[in-house]
Amino acid sequence: QEFADNHFIRTIIEKDLANGKHAAVHTRFPPEPNGYLHVGHAKSICLNFGLAYIYKGLCNLRFDDTNPEKENQEYVDSIKEDVCWLGFDWNGEPRYASDYFQQLYDYAVGLIQDGKAYVDDLTAEQIREYRGTLTEAGKNSPYRERSVAENLDLFQRMKNGEFADGSKTLRLKIDMASGNVNLRDPVIYRIRRAHHHNTGDQWCIYPMYDYTHAISDAIEGITHSLCTLEFEAHRPLYDWVLDNIPAPHPTRPRQYEFSRLELLYTITSKRKLNQLVSEGHVRGWDDPRMPTISGMRRRGYTPAGVRLFAKRAGISKSENIVDMSVLEGAVREDLENTAPRMMAVLNPLKVTLTNFDREKTQSRSAPYHPNHPDMGEREIPVSETIYIERDDFSEQPPQGWQRLSVGGEVRLRYGYVIKCDEAVKDGNGEVVELKCSIDHDTLGKKPEGRKVKGVIHWLSAAHAVPVQVRLYDRLFAVERPDAVRGEDGQYRPFTDFLNPDSAREITAWAEPVANGLAAESRWQFERLGYFVTDRYDHAAGSPVFNRTVGLKDTWQK
Ligand code: ATP
Ligand code: MG
Ligand code: MG
């Protein structure tokens, strides 16, 4: 049901199943393990695993690991953890493109034998020069007409480590005059002496993305290979590779493209997120302000909330620029229904209940969730001194003020109506205490002869427990931090637009229940927002909460 929205890829799949082109759907999610997954990947995960779920097919997790310098085991592990956390199960063991290195090599030898690939000695820069432009055809490399025998010999020696890094490449012999630059003899192998997280030092030549991807899809029996629109112009190369390697494979995969998610007020590029981490702008890939899956998790977002967001972002070929409020709204919607409530006071003002009476003044119990009696109840204790939120008192109340002011009344949530008789000030004229009286006839009933509209949250000072609270806000202060140009027309560094107020830590007060929670417990602090106990820094007895999201969208543009 979460994935049951219609989009063009579903239409294609339904046609392919109806006319017998495929018996079952087999998709894959193919991250490169060169960073942590972000919210854009979440969209792709929900699409690929979601389609397998809807059509009772399969979805592989495949690491596209052909760039050893940038990849490592930490990233592999985090990706597996994040996919699981989102609620998905891959088909058997994760796959690695590097598992296919031998087969990819054998196919390359076959292409050479067929006269469809050659070893080139041009440098990377020369290859770029020879490639031509959109309007101008490329030029053939002087090495293009090497004999099959010479190519076979050179390619094997490339593999054996006889040549320096970058000194030779293997290229497909397609068409240097093609209107599609991707078909102008693309490089499919390069020499790189780099340690690989999976294959160690076994290889010093590595296959390129397009070649590897098409063949990996065919080996795994993928039916629908879904990728983002930048790869549209690579599709003819994808098809060329599949048309020119030996059959049979379980399927003839097809590539389909959808638009990339762009989320406003943040950045969705692993490279730039890496920069935020390495330059110390955030505390790590899983900093609660990061749009990474692990950051969203630590911030308190729920898997169901992120999946709901992915569904709302939608799948199409048109621009997919989505405001942060859509993500926050989806998370809020899920938490509204699933998070128990407690009261917490972030910025306390002391209130003395002048007529508090040990015998007469009673406490009440309150449900943890208004619509879920199964979540249980707890007692809301009361004592002579209570804390209220400083913002809930005004010395000069504006028109329509429903909270506390001198002479005014307000109801304490789950408690009595109180009246403020006096505001006590310190030497600087700052209000440091309120003296209030309880109307003892109002517990669980309406006051006689008057209306009291305001209800505020509060805590008994004798029972409240101190909690650390991290108040997170958006990481960037502008919609598109990586698309702002300066007066010179150049892009300004996106780090210029970090929101200086994106993280603040305070000591606050909460109900006693806060002391006994496990890490990653999600709660609503009544009237304040949703909070989660920090995945790492929280411990029973010394609670640490992260603000996930407020109760309403309050971001000021
Ligand atoms: P980045 O530029 O952040 O490194 P990428 O596309 O290079 O992104 P991959 O690890 O190759 O990252 O991505 C794995 C899959 O996730 C790909 O199929 C890719 O199309 C998809 N994906 C990545 N970013 C987005 C996005 N912003 N929206 C939708 N899908 C995305
Ligand atoms: Mg990629
Ligand atoms: Mg990338």
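## Ligand 1 and its shell

Ligand 1 is surrounded by 15 residues, and the closest are P31, G40, S44, L261 and K270. The model is predicted. By class, the shell holds four nonpolar, six polar and five charged residues.

Which elements supply at least two residues each of this shell? They are α2, residues 39-54, and β8, residues 224-228. Helix α2 gives the largest share, with four residues.

## Positions listed as a binding site

An unreviewed UniProt entry lists E32, P33, N34, T228, R260 and L261 under "binding site". L261 is also among the residues closest to ligand 1.

P33 sits in the loop between β1 and α2. Is P33 buried or exposed? It is buried, because 24 other C-beta atoms lie within 10 Å and the cut-off for burial is 20 or more. Beyond its neighbours within four places in sequence, P33 is in contact with F63, D65, E71, N72, Y75, V76 and I79. One of these, F63, belongs to strand β2, residues 58-63.

R260 lies in the loop between β9 (254-258) and β10 (261-263). It counts as partly exposed because it has 17 C-beta neighbours inside 10 Å; the class runs between the limits of 12 or fewer for exposed and 20 or more for buried. Setting aside neighbours within four places in sequence, its contacts are G40, T228, L229 and N320. Of these, G40 is also one of the residues closest to ligand 1.

## A three-stranded parallel sheet

Three strands make an open sheet in the order β1-β2-β3, with parallel pairing. The edges are β1 (26-29) and β3 (95-96), each of which pairs on one side only. In general, strands of a sheet pair through backbone hydrogen bonds, either parallel or antiparallel.

Four bridges link β1 and β2 in the parallel sense. Across this pairing, R28 stands opposite N60 of β2. How many bridges join β2 to β3? There are two, and these strands also run parallel. F63 has Y96 of β3 as its bridge partner. F63 is also one of the contacts of P33.

Side chains in a regular strand alternate between the two faces of the sheet. In β1, H26 and R28 are on one side, and T27 and F29 are on the other. Both faces are covered, with all four residues buried.

## Helix α7

Helix α7 spans residues 209-220, 12 residues in total. From first C-alpha to last it reaches 16 Å, close to the 16 Å expected at 1.5 Å a residue.

The helix is mostly covered, with 11 of its 12 residues buried. The buried set includes the charged residues D210, D217 and E220. It also includes Y211, H213, I215 and I219. Residues three or four places apart in an α-helix point the same way, because there are 3.6 residues a turn. Just after α7, G221 takes a positive phi of about 75°.

## Backbone exceptions

Most residues other than glycine have a negative phi, and most peptide bonds are trans.

A cis peptide bond joins A247 and P248, with omega about -5°. P248 is in the loop between α8 (235-244) and β9.

Y414 is not a glycine, yet its phi is positive, at about 60°. The residue lies in the loop between β18 (409-412) and β19 (417-425). Y414 counts as buried because it has 21 C-beta neighbours inside 10 Å. E520 also has a positive phi, near 60°, and is a residue other than glycine. Its place is the loop between β24 (503-510) and β25 (522-525). E520 is partly exposed because 15 other C-beta atoms lie within 10 Å.

UniProt, in an unreviewed entry, places the feature "domain: tRNA synthetases class I (E and Q) anti-codon binding" at residues 455-534. How far apart are the end C-alpha atoms of this span? They lie 29 Å apart. The span is 0% helix and 38% strand.

Definitions and conventions:
Residues are numbered from 1 along each chain as its sequence is written. Chains are lettered from A and ligands numbered from 1 in the order in which they are written. This is a predicted model: local features need pLDDT of at least 70, side-chain atom pairs count only at pLDDT 80 or more; totals for chains, interfaces and linings use all residues. Two strands pair if DSSP finds at least two bridges between them. A residue is near a molecule or strand if its C-beta atom, placed from the backbone, lies within 6 Å of it. The expected span of a helix is 1.5 Å times one less than its number of residues. UniProt positions are given in the numbering used here, feature names are shortened, and annotations may be inferred rather than shown by experiment. Two residues are in contact if their C-beta atoms, placed from the backbone, lie within 7 Å.
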